[in-house]
Structure formats: C-alpha cells, structure tokens
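Please look at the sequence and the structure together, and keep both in view while reading.

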Amino acid sequence: MKETSIVNTLHHINRRQGLFWMAAASAFPLQAFAQAGAYPQRPVRFIVPNAAGSSVDTIGRIVANQLPPLLHQAVVVDNKAGAAGAIGIEAGRMAAADGYSLIVASSSAITVAPLLQKAVTYKPLVDFDFVSLIALLPNVLVCTPSLNVKSTAELIAYARSKGGKTNMASAGIGSASHLAGVALQTAAGFESLHVPYKSGSAGVASVVSGETDWVLTPAPAALGLVAAGRLRLLAHSMAQDAHPIPNAPSIADAVPGFEFAGWIGLMAPKGLPPQVADTLRKALATALQQPALREAFESNGAVPSAGSAQDFRSYLARDIERTRKAIQAGGIQPE
C-alpha cells in the first residue's frame with residue numbers, strides 16, 4: 001500500500017473513532033488534543049539515535065506508548081543508531097519542522113558528541129527547537145565493599161590520604177562514568193587514577209572485585225549489585241533537593257553545588273510551530289504523570305522531568321558547560 005493510501009486510511013479511521021477518543025480523553029486532565037484540523041493529523045515519528053534496547057530507546061518507547069490516547073495518533077519509534085547518537089540527531093535536524101518527526105535526544109548525543117567528535121557539526125543550542133525534558137538519569141557513587149568508607153565525604157578524605165593512589169573505574173575515555181568521575185574529583189579537590197574499561201559493566205565489575213576502588217556510574221548499572229551487597233552505595237549525582245533513590249543522599253551534601261546527571265528530552269528540527277510545540281508539551285506533561293509510566297521509569301533508573309522549552313534549554317546550557325569543564329580537566333582531546 002502506498003504511503004498516501006495509508007495516511008488516507010488513517011484519516012478515515014480517525015473520523016469514525018472520533019467519539020471514542022473524546023470519551024477516552026476525558027480520563028485525562030487535558031481533553032480533545034485532536035480537534036478537527038488541529039495537529040496531529042497522522043502518526044508522529046520519534047527518532048531515537050540509539051540502538052533498540054538502549055536506555056534512551058527504552059525511555060523513548062515508554063513515552064511513545066503513553067502518548068497515543070492523548071494525541072489521538074500513533075507514535076512510531078524509528079531507531080537511527082551510530083556515531084554515539086550523532087547519525088540520528090543529524091537525521092532529526094534535517095527533517096521537516098512540522099511536528100511529525102521529533103528527536104528523543106540524550107546527553108551523550110547532544111552534549112558529549114559535539115564536544116568530543118570533530119565530525120559532528122550540529123550546534124545543540126542553535127540548530128533545534130526544544131519541546132521538554134523527559135527524564136533525568138542519576139549516576140550513583142559506589143565503592144567496593146572492602147573499602148573502609150561509608151559516605152562521599154569519607155571517600156574524598158580516603159582518596160586525599162592516599163595521595164592519588166586510589167583507582168576510579170569508567171566505561172572508557174569520554175564515557176559518562178569517566179566525565180562524571182573527573183567532574184567529582186575537580187569539584188572536591190582530590191585525585192584518583194583513572195582505569196578505563198571497554199564497557200560500563202566491565203568497569204562496575206572491577207569495583208565489585210576490588211580491582212578498582214570506586215565509580216560514578218549510571219544508576220541502572222549498579223543498583224542491582226548494591227541490593228545484592230556486592231557494591232556499597234554512597235550517594236547519587238542529582239541536585240541536593242532531588243530524591244531519585246530511596247535512602248541515598250546527594251553528592252552535593254558533601255560537595256556543595258555538585259550535579260552530574262544524564263538526561264533524555266524531546267527536541268525538534270528548527271522552526272517547529274509554537275502551537276505544535278505547545279500541544280506536544282502538554283501531552284508529554286500529562287503522560288509523565290501516569291502511574292504506569294512513572295513505575296516504568298523507576299524500574300529503569302529514570303526520574304520524570306517535564307518542563308518548558310526554556311527550562312530544557314537552560315538545563316542543556318549548564319550541562320554543556322559542566323561537561324566541557326570535565327573534558328578539559330581530564331585532558332581529553334576530540335577525535
């Protein structure tokens with residue numbers, strides 16, 4: 001069937017089911033997103049610049065599954081992986097700015113890739129429109145259980161006492177765990193030897209075995225091992241007033257102002273009509289309040305985080321600056 005025929009068929013289906021959708025929408029705070037002639041009139045595409053099964057893909061699909069009753073249209077996930085997310089982001093940048101191609105963006109593809117890959121030419125704060133943040137992804141500071149420390153302050157004091165002879169694991173040079181660890185050392189004024197591994201799981205395993213002393217890693221990579229008693233949880237990396245992980249303090253309690261979390265947000269090609277952005281933002285805010293979505297986020301170590309376009313832009317600007325400082329402190333050169 002040709003694409004135009006598919007779209008026409010969907011239009012007929014939508015007209016026949018109009019009363020049904022209006023009844024379904026009454027269960028939500030926002031009603032009748034799809035008034036006659038209003039956006040959207042056909043399925044919406046979520047470009048995910050990561051492979052299926054990745055954390056960005058998982059979060060993107062959770063959101064995509066919650067939006068159809070609110071937008072009255074299907075939301076289709078389109079994975080375009082490669083080059084640390086840069087391929088998918090570039091595909092999104094070049095798409096039509098009509099609201100039917102949106103980008104499930106992340107800190108790795110939007111913040112890190114332009115700073116570490118010379119081939120990346122898109123400018124995060126210039127080349128896109130911002131819909132809303134979707135989720136924040138806390139890192140967790142964990143150490144090997146044999147280490148005689150039970151808090152961030154104690155780890156810092158221990159590392160200082162060893163004069164740089166402690167070891168910090170990471171998932172590799174330029175990885176989230178590398179940059180977060182360097183940022184912590186810079187902010188807290190201590191040094192640990194960086195030991196890069198080929199993957200996040202290998203780096204975390206080295207802390208479990210005692211081969212390295214500590215790692216500041218994305219929460220999903222470590223919380224299961226914490227529950228099993230194979231890692232000691234010291235703190236999380238979100239702001240001091242955030243509580244993403246039960247009974248875990250913020251690193252900022254010991255290092256004031258410290259924050260280094262990953263994020264996932266919804267972006268669009270430059271030129272998105274304001275009324276379309278508003279419809280998407282309201283639908284997303286409603287979806288993020290649904291218990292099923294919040295439960296799914298929690299099981300994937302994600303914290304729902306809706307907000308305005310300006311909130312998203314401001315958060316990104318801060319994220320770029322702190323990541324730039326970590327890259328400089330770590331002596332990492334773009335390739």
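Aspartate 57 is buried, with a relative accessibility of 3%; buried stands for under 20% relative accessible area, exposed for over 50%, and partly exposed for the range in between, with a 1.4 Å probe and protein chains only. Its salt-bridge partner is arginine 61, and the closest N and O atoms of the two are 2.8 Å apart. A salt bridge is counted when a side-chain nitrogen of Lys or Arg is within 4 Å of a carboxyl oxygen of Asp or Glu. Arginine 61, at 33% relative accessibility, is partly exposed. Why are arginine 61 and aspartate 57 separated by about one helical turn? The reason is that they are four residues apart in helix α3, which covers residues 55–66. Helices (H or I, at least four residues) and strands (E, at least two) are DSSP runs, numbered from the N terminus.

This is a predicted model, in which local features need pLDDT of at least 70, side-chain atom pairs count only at pLDDT 80 or more, and totals for chains, interfaces and linings use all residues. Residues are numbered from 1 along each chain as its sequence is written, and side-chain values use heavy atoms, with hydrogens and water left out.

The chain as a whole may now be considered. Its secondary structure consists of 13 helices and eleven strands. Of the 335 residues in the chain, 49% are buried. The accessible surface of the chain is about 15100 Å², and carbon and sulfur atoms hold 55% of this area; such areas are computed by the Shrake-Rupley method with a 1.4 Å probe, and for residues only the protein chains shown count as cover. A contact means heavy atoms within 4.5 Å. Among contacts between residues at least 6 apart in sequence, 78% link residues at least 24 apart.

How many salt bridges does a search of the whole structure find? The search finds nine. One of them joins arginine 324 to glutamate 321, with the closest N and O atoms 3.7 Å apart. These two residues are three apart in helix α13 (residues 309–329), so about one helical turn separates them. Arginine 324 is partly exposed at 34% relative accessibility, and glutamate 321 is partly exposed at 37%. Elsewhere, salt bridges that share partners join Arg45, Asp78 and Lys80 into one network.

Axes are lines fitted to C-alpha atoms, for helices over the stretch in contact, and angles run from 0 to 180 degrees between N-to-C directions. Angles under 35 degrees count as roughly parallel, over 145 as roughly antiparallel, 65 to 115 as roughly perpendicular and the rest as oblique. On the α3 side, Ile59, Ile62, Val63 and Gln66 take part, and they meet Ala292, Leu293, Ala296 and Phe297 of α12. This contact of α3 with α12 has seven nonpolar residues, one polar and no charged. Here Ala, Val, Leu, Ile, Met, Phe, Trp, Tyr, Cys and Pro count as nonpolar, Asp, Glu, Lys and Arg as charged, and the others, Gly among them, as polar.

A second pair of helices is α8 (residues 176–188) and α13, which pack at about 85° with their axes 9 Å apart. The two are therefore roughly perpendicular. Leu179, Val182, Ala183 and Thr186 in α8 meet Thr323, Ala326, Ile327 and Ala329 in α13. By class, the contact of α8 with α13 has six nonpolar, two polar and no charged residues.

Glutamine 289 lies in the loop between α11 (274–287) and α12, and it is exposed at 53% relative accessibility. Valine 120, in the loop between α6 (107–116) and β4 (128–137), is buried at 13%. Apart from residues up to four places away in sequence, valine 120 touches Ala86, Ala113 and Pro114. Serine 170 belongs to strand β6 (residues 167–170) and is buried at 1% relative accessibility. Beyond neighbours within four places in sequence, the contacts of serine 170 include His178, His194 and Tyr197.
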